[in-house]
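Welcome! Open your viewer, keep the selection tool at hand, and let us walk through this model together.

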Amino acid sequence: MSEPDASILKDFQAESKTLVEKMTEILDKCEGDFAQVQSLAEFGQTVDRIMGAASTLAGSDSSMPTARIQQIADCAAICKAVGYKASKIKGNETFYDICVALLQDATEVLEHLVDGLTAKGESDLKSLFSQTLVDRLKWASDQFGAEYSATLDLHSGKSTKMNQSDIDELLKKLGLD
């Protein structure tokens, strides 16, 4: 990896770690407090910054570890979709609590991916994403009806509603289908 690429990667990793800390703080504030439901939109905005930067880096012509960076972008996209959708939950505290717990687990996976970005060797993504977490992600996303929308276009960056097939596509890209 060239010196400029190594510097960019290090900066991305440091900024992402700061953003993951902020995401964790938001989720800690939300845990068990349905009155904080709107804070999940802030969570979505924060993880969107990681997703956008990772998508940009993964698409660059450089010697960076693009597969690992793309995994970060895809994991962040899942967190973003669930966070935005969960921020619109009304009158269902149990489902809210499930979504917050799910986001805590997914944020932990994202943190491990960011931490492992500069590690030698390949990380086993399937060991980070337990089958239980994948099943919970699928179940939670199935629970969101049309009234819950999240904006994300996986390819163009334009606003669009993210639906179950988009989440399934991300899980498949991560090898977790």
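**Before you click.** This is a predicted model, where local features need pLDDT of at least 70, side-chain atom pairs count only at pLDDT 80 or more, and totals for chains, interfaces and linings use all residues. Residues are numbered from 1 along each chain as its sequence is written, and side-chain values use heavy atoms, with hydrogens and water left out.

**Stop 1: the whole chain.** Show the cartoon: the protein chain has seven helices and zero strands. Helices (H or I, at least four residues) and strands (E, at least two) are DSSP runs, numbered from the N terminus. Of the 177 residues, 42% are buried, where buried means under 20% relative accessible area, exposed over 50%, and partly exposed in between (1.4 Å probe, protein chains only).

Now think about contacts, meaning heavy atoms within 4.5 Å. Among those between residues at least 6 apart in sequence, 75% join residues at least 24 apart.

**Stop 2: colour by confidence.** pLDDT is the predictor's confidence in each residue, from 0 to 100. The chain averages 80, and 72% of the residues score at least 70. Where is confidence lowest, and where is it highest? Helix H5 (residues 125–128) is lowest, at a mean of 60, while H2 is highest, at 95. Select residues 150–160 as well: the pLDDT there is below 50, and this stretch has 22 contacts in the model beyond near neighbours in sequence.

Stop 3: The expected span of a helix is 1.5 Å times one less than its number of residues.

**Stop 4: helix H4.** Select residues 93–115. These 23 residues should span 33 Å, and the end C-alpha atoms of H4 are 33 Å apart, in agreement. Among the buried residues of H4 are Tyr96, Cys99, Leu103, Thr107 and Leu110.

Zoom in on Thr107, which counts as buried because its relative accessibility is 2%. Leaving aside neighbours within four places in sequence, Thr107 is in contact with Val20, Met23, Thr24, Leu27, Phe43 and Cys79.

**Stop 5: an aromatic pair.** Rings of Phe, Tyr and Trp (its six-membered ring) pair if their centres lie within 6.5 Å; planes under 30 degrees apart count as stacked, over 60 as edge-to-face and the rest as tilted. By this rule the count is one aromatic pair. Select Phe34 and Tyr96: they are edge-to-face, 5.2 Å centre to centre with 85° between the planes. Phe34 lies in the loop between helix H1 (3–30) and helix H2 (39–58) and Tyr96 in helix H4, so the pair ties together parts that are 62 residues apart in sequence.

**Stop 6: Ala86.** Ala86 is found in helix H3, and counts as buried because its relative accessibility is 0%. Not counting residues up to four places away in sequence, Ala86 touches Val37, Leu40, Cys99 and Phe144.

**Stop 7: the core.** A nonpolar core is a set of buried Ala, Val, Leu, Ile, Met, Phe, Trp, Tyr and Cys residues joined through side-chain atoms within 4.5 Å. The largest has 45 residues, and Leu40, Phe43 and Leu110 are among those with the most contacts inside it. Which elements give two or more residues to this core? They are H1, H2, helix H3 (66–86), H4 and helix H6 (131–143). The largest share, eleven residues, comes from H4.
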